[in-house]
Number of protein chains: 2
Amino acid sequence: MNSSSLPGGSRVKRPTMVDVARHAGVSLKTVSRVVNAEPTVNTELVDRVLASVAALGFQRNQLASTLRAGRRTATVGLVIEELANPFYSTIASVAAEVAARHDTMLITASSEEDPEAERRLVFDLCSRRVDGLLVVPAGADHSFLRPEVEMGVQVVFLDRPSGGLPADTVLIDNRGGAREAVAALIAAGHRRIAVLLDSVAVYTMRERLEGVRDALEDARLPPEVARIAEGVADPARAAETVAGLLDGPNPPTAFFAVNNRITVGAVQELWRRGSGAELVGFDDFELSHLMPRPLTVVAYDTAAMARRATEMLFDRIRGDRSAPRTEVLGTRLVWRGVRR
Amino acid sequence: MNSSSLPGGSRVKRPTMVDVARHAGVSLKTVSRVVNAEPTVNTELVDRVLASVAALGFQRNQLASTLRAGRRTATVGLVIEELANPFYSTIASVAAEVAARHDTMLITASSEEDPEAERRLVFDLCSRRVDGLLVVPAGADHSFLRPEVEMGVQVVFLDRPSGGLPADTVLIDNRGGAREAVAALIAAGHRRIAVLLDSVAVYTMRERLEGVRDALEDARLPPEVARIAEGVADPARAAETVAGLLDGPNPPTAFFAVNNRITVGAVQELWRRGSGAELVGFDDFELSHLMPRPLTVVAYDTAAMARRATEMLFDRIRGDRSAPRTEVLGTRLVWRGVRR
DNA sequence: CTGAAAGCGCTAACAT
DNA sequence: ATGTTAGCGCTTTCAG
């Protein structure tokens, strides 16, 4: 039981500036000046105060500080669907990095695609007086944010558009990317293309589906060329769906997987049965080039989207009051077609 | 220019409880009671106050609230190396999820393996009065945290041990996992095993190297059986190193890659040249089962580690003052050896 | 059950 | 250059 142990009972009261002032034999205000590195303090006093600060282990209470000064909290909130997903962790990582460059900390919260949770999280963050909010919308209506925006909370949406609130938004060209992917399949001669879809409840999925239709129209092909399989929620379901389609009548010669989890499931099944069917997936992912069979992907730069969104947010925080902008980032088809 | 636009100039002052009180024709304290859902308020007054709250778009200032009440901020800080890495984003995800269950928000900050940055971030988080800290140590000495701990900030370390501060810690059995992996290679008859290492500056790497030595000693084999290649910092370097070793004299028959980035680079090179050399990697990763050649991995449960650490943190926050504990989580060898 | 006053820890605006 | 006073927005006394 030496003095280096930290017995739970010995909780010390946190010293305040008053305590430091008393310890240093100066006034409260002088401590404040020293702690805030104001230049107009006698060097000798500075030293004395700093010594007391160190001796007492004083740490300024930033809550009290920002409350009194009416300053910003140097905090921004990020509301995403689920941090565990690499797509969102990339966003969080970039947002935190850009925030750090602005001496700001990032609070991350996951809505899990629940609009009500999103609302609660946003309000919670506002009551913590974040300077701004980065939101990947789960809900379709964000008018509840209007009062907060009017009171100075800056908001930037990313990956999906917001509803009922004009605000900066950064999106991916989902529709254009899907269109290009399917156009490439059509150009390669495919006329039976299966489209593996999760749920049209999500904006990005609807857009990608629209892109498929665009490509068919562009080529003046009937809609039946694309066989839409909905409800493919995970890799296992994707594998099953691929199997079912290949074993059924008129099996497709190509698959368009509308997100990377579906793609992974499809790869696995196509590889397992040695199928020569073509596969294009929306979303690139790590190691996609190391898959056991060739895999074409619609790639886009998630980090760039997050960077742009976060920079827009800090522009706003620093006083930019121009009209809200929407920026759309392009996609890139990485063609790794099967040998025919 | 309709009224739905949000012209930048029209910034409204945030209403306070005083404003709500005036609007509702009650006292400040009654507003406070209603906002805090205290039961002892006349129903009619509650309705009136709630109406004013809605009309003015009032949101309680949580900073002021916690300052005055001396309550917790319902915030915990997570200091990791880099959020972009899936290992750390898994930790962040679990920490945020567990925190959410405790009605707490998570502030995430990356130290980028810089002890000085870690120190700064920790102090910043403390000045924001987080209730607790989850830290993956970058530095070797955490005694600077002692005053904060004494003043009630709870701290749990994970993945790496702290230095100079007794505190709860959750670790992975790096040494045991490496020992088991190399033992399996030895049992399979390998006597020229290349160990691909990043840097021994990091605790986990040193431990895994110790595990390699343990396995050799267990088998009474000379240390030369393991050929240590240090400085393998990324997949590209791993591929180069593998190539160099295979093209050199006495090429190894097996490789032990000490983390998953190295593993990926090694897989790629072994596959490219159709080598039959065995490969075992520390760290499992997504899609490891879909690699173009068999790959054995030392797997462990990152999420379980993070969950345990975060739960320990909340136990502390809720008043647990028992002696600091260190928990070590086991690893699991997932054998997918090459066909011999 | 409701309200007036005091004060959390700090900084802005004035003194001196 | 230093100190005094007031008060940020809220909750905690303590009166009524």
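Student: Which residues come nearest to DNA strand D?
Tutor: This is a predicted model. Of the 25 residues around DNA strand D, the nearest are A:S27, A:K29, A:N42, A:R68 and B:T16. A residue counts as near if its C-beta atom lies within 6 Å of the strand.

Student: Which elements give two or more residues to that surface?
Tutor: Helix 2 (28-35) and helix 4 (62-69) of chain A do, together with helix 2 (28-35) and helix 4 (62-69) of chain B. Helix 4 of chain B gives the largest share, five residues.

Student: How do the residues of this surface divide into nonpolar, polar and charged?
Tutor: There are 11 nonpolar, nine polar and five charged.

Student: Now helix 6 of chain B. How does its reach compare with the span expected at 1.5 Å a residue?
Tutor: Helix 6 (residues 115-127) has 13 residues. The expected span is 1.5 Å times one less than the number of residues. That gives 18 Å, and the helix reaches 18 Å from its first C-alpha to its last, so the two values are close.

Student: What makes B:L121 of that helix buried?
Tutor: A buried residue has 20 or more other C-beta atoms within 10 Å of its own. B:L121 is buried, and so are B:E118, B:V122, B:L125 and B:C126.

Student: Why do the buried residues line one face of helix 6 of chain B?
Tutor: Seen down the helix axis, they fall within an arc of 135°, so they line one face.

Student: What covers them?
Tutor: The cover includes strand 1 (75-80), strand 2 (105-110), strand 3 (132-135) and helix 7 (146-150) of chain B.

Technical notes. Residues numbered from 1 in each chain as written. Chains lettered and ligands numbered in written order. Predicted model: local features only at pLDDT ≥ 70, side-chain atom pairs only at ≥ 80, totals over all residues. Helix = DSSP H or I, 4+ residues; strand = E, 2+ residues; numbered from the N terminus. Buried ≥ 20, exposed ≤ 12 C-beta atoms within 10 Å, placed from the backbone. Arc of directions from axis to C-beta. Contact = placed C-beta atoms within 7 Å. Nonpolar A, V, L, I, M, F, W, Y, C, P; charged D, E, K, R; others polar.
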